[in-house]
Amino acid sequence: MSEWKRYTITAALPYANGPVHIGHLAGCYLPADIYVRYLRARRRDVVFICGSDEHGVPITITARREGVTPQQVVDKYHRIMGDAFAEFGISFSIYSRTSSQTHKETAQGFFKKLYDEGKFIEQETEQYYDEEVKQFLADRYIQGTCPVCGNENAYGDQCENCGSSLSPTDLIHPHSMLSGSKPVLKKTKNWFLPLDKLQPQIAGYLEQHKDWKINVYGQCKSWLESGDGLQPRSMTRDLDWGVPVPVPGAEGKVLYVWFDAPIGYISATKDLLPHTWETYWKDKDTRLIHFIGKDNIVFHCIIFPAMLMDHGEFILADNVPANEFLNLEGQKLSTSRNWAVWLHEYLEEFKDKQDELRYVLTSIAPETKDSEFTWKDYQTRVNSELVGIFGNLVNRVLVLTDKYFDNQVPEARECGELKTFTTDQKNKITDALENFRFREGLSELINLARHGNQLLSEKEPWKTIKDNREYTGATLYDCLQIIANLAILCEPFLPFTSKKIFDMLNLDPASLSWEDAGRQDLLKPGHKLGQAALLYQKIEEEQIEKQVEKLHSQSPQTPKGGLNTKTMENKEPSSDTAPGSALKPLSPEIVFDDFARIDLRAGTILSAEKVEKADKLLKLTVDLGFEVRTIVSGIAEHFKPEDLIGIQVSVVANLAPRKLRGIESKGMILLAEDTVGRLHFVSPKDLTENGSIIK
Ligand SMILES: [Zn+2]
């Protein structure tokens, strides 16, 4: 089927700024691992490359938020992520990191070659600059409103809501994530990759790959064809965390993370195979495949290939089977809102149930469109398919064989019909795996187990044993061969299960390869079987309820770092703040910097009036010393307007203005809410000068 001599399989380098959740696993690591395990079972020559991306701007943002150095952040998460992958059986040949010396040299060497050959355009541009912290702002340090979908938390390079790729200047109402201030444009010199000139070559490359998944090919096409086509893209950044740009006049600049990160695949291969790595990146007979999530498509299908073309020595990806996104219980997975199932936490609750999660995530994999994980569905799939079909077959057959045939494979002849069926199933699974249709492959695997159960219920060995021992032996022989085939064919999907079955069958996994699947003599008559044990256990209702509860309790209503003191203008009282509720649990810990970004001032209410057609809102004018502002506050049900005049209050003074019922509200007033839902102003105890800083 394949003429390829060897395979280089990469899985997206995860940013080392947080642990791994089920969305990451389903998005690229699990499909990549299934594919690699399949290739290994076929005895193909394959390297499986991954590592931590330790240079992303999100890392410096995390470091700032946690009050530690970027190095401390990446050291911590590199370990946590590596452990989680290993525990779930993600079988990387190497899990490297982009802060390694090899990577620094490789990335710099790559850049230097393009620079020396005059491939870059040197260009002075205007970049956003934060005057308060005196620093140029990386795209990810700028947030604003997405011009495409209106998401207010879009980043300067991308909107994570609609997937649009953006430039910082595209954002409406941009603000610096360092100081919250409005950034200004300032001149700086950077090196650009002329993607416009490379467009015909990239278009030609895509034309050769019309076999790619529709979602991948379509996204690339629309990139090439939108507006004026590809534009030069800066490959350097004004930033102090990353690989230094190795050319004169580039002090204080580092390589753009999307220049540096994909080169990480190459440097990791160098670390793995110092002497032979080049064959995995330069030999035309090597098949390069990138497994990624949909948010990385343009970087792997356009920008990285453009870099490789310009460099000239490397092969290009033959396929990029990117997945769409996985949602969780009706919402997008979100690290910042803690709306996620974290791998390391899953194992605390579901010890040794890695394959159960691998199974469910593969059977709902977002291969062609977004899909959804729910705990109820997890329970149903585990109980009805893994326990009810797969585990049930293995357990019944082994127990009956032990009981009737002293735990030895009965004497019987191969069944030709079953051989045809098993071989068909193997071919279906093989075809699905070759074409990255992992859901389909898994479902054909279960169909094979289902067939075994059908044989059992048709032939009823527990009845036939009374008067036909030979017939009973033939039934169990057939079922045992199905189980041995399952052990081989399930290995890519369910490696822990595969190992358990091989143990129970007393077979050496290394003695059988993918090519052996289909055979009906994997277990010889008289072969002594091993100890039977339950493959899977039922997931109980309480376990699921506990997870759903945990998910809701750990996810704060407001993003992490938000102010916990009740403020009333942005939120009308809702059920979760209803009178009678007890004191709420504390929000996640923040660092001093988070608090320091909030500018609190003392101010005196000068006037108050009801807002027309809004029962809850009062329009207040507040004297802040340096200016008088209008603030709309949702307190009309708690206070009479005339009682408020002259009260000194605490105001969040640097909050971005927003319109409520057509009135622009500039700031928020702090209020304390007691357990019966009454509101109290948070005021300076003694009257102070308006505009005084509250800290
Ligand atoms: Zn958007």
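**Exercise 1. Determine what covers the buried residues of helix H9 (residues 297-311) in this predicted model.**

*Solution.* The cover includes strand S9 (184-193), helix H5 (195-207), helix H6 (214-225), strand S10 (233-234), helix H7 (257-272) and strand S13 (286-291). Helices (H or I, at least four residues) and strands (E, at least two) are DSSP runs, numbered from the N terminus; two residues are in contact if their C-beta atoms, placed from the backbone, lie within 7 Å. Residues are numbered from 1 along each chain as its sequence is written. In this predicted model, local features need pLDDT of at least 70 and side-chain atom pairs count only at pLDDT 80 or more, while totals for chains, interfaces and linings use all residues.

Next, identify the covered residues. A residue is buried if 20 or more other C-beta atoms lie within 10 Å of its own, exposed if 12 or fewer, and partly exposed in between, with C-beta atoms placed from the backbone. In H9 the buried residues are Ile-297, Val-298, His-300, Cys-301, Ile-302, Ile-303, Phe-304, Pro-305, Ala-306, Met-307 and Leu-308. Because 11 of the 15 residues of H9 are buried, the helix is largely enclosed by the rest of the structure.

**Exercise 2. Where in H9 does the kink lie?**

*Solution.* The kink, of about 30 degrees, is at Phe-304, shortly before Pro-305. The bend at a residue is the angle between axes fitted to the seven residues ending there and the seven starting there. After H9 comes Gly-312, with a positive phi near 95 degrees.

**Exercise 3. At what angle do the axes of H11 (residues 354-363) and H12 (residues 375-405) cross, and which residues meet?**

*Solution.* The two axes come within 10 Å and cross at roughly 105 degrees. Axes are lines fitted to C-alpha atoms, for helices over the stretch in contact, and angles run from 0 to 180 degrees between N-to-C directions. H11 is therefore roughly perpendicular to H12 (under 35 degrees is roughly parallel, over 145 roughly antiparallel, 65 to 115 roughly perpendicular, the rest oblique).

From H11, Glu-356, Tyr-359, Val-360 and Ser-363 meet Tyr-378, Arg-381, Val-382 and Leu-386 of H12. By class, this contact has 5 nonpolar, 1 polar and 2 charged residues (Ala, Val, Leu, Ile, Met, Phe, Trp, Tyr, Cys and Pro are nonpolar, Asp, Glu, Lys and Arg charged, and the others, Gly among them, polar).

**Exercise 4. Is Arg-237 buried or exposed?**

*Solution.* Arg-237 belongs to strand S11 (residues 236-238). Arg-237 counts as buried because it has 27 C-beta neighbours inside 10 Å. Not counting residues up to four places away in sequence, Arg-237 touches Ala-138, Lys-253, Val-254 and Tyr-256.

Notes:
Expected span 1.5 Å × (residues − 1).
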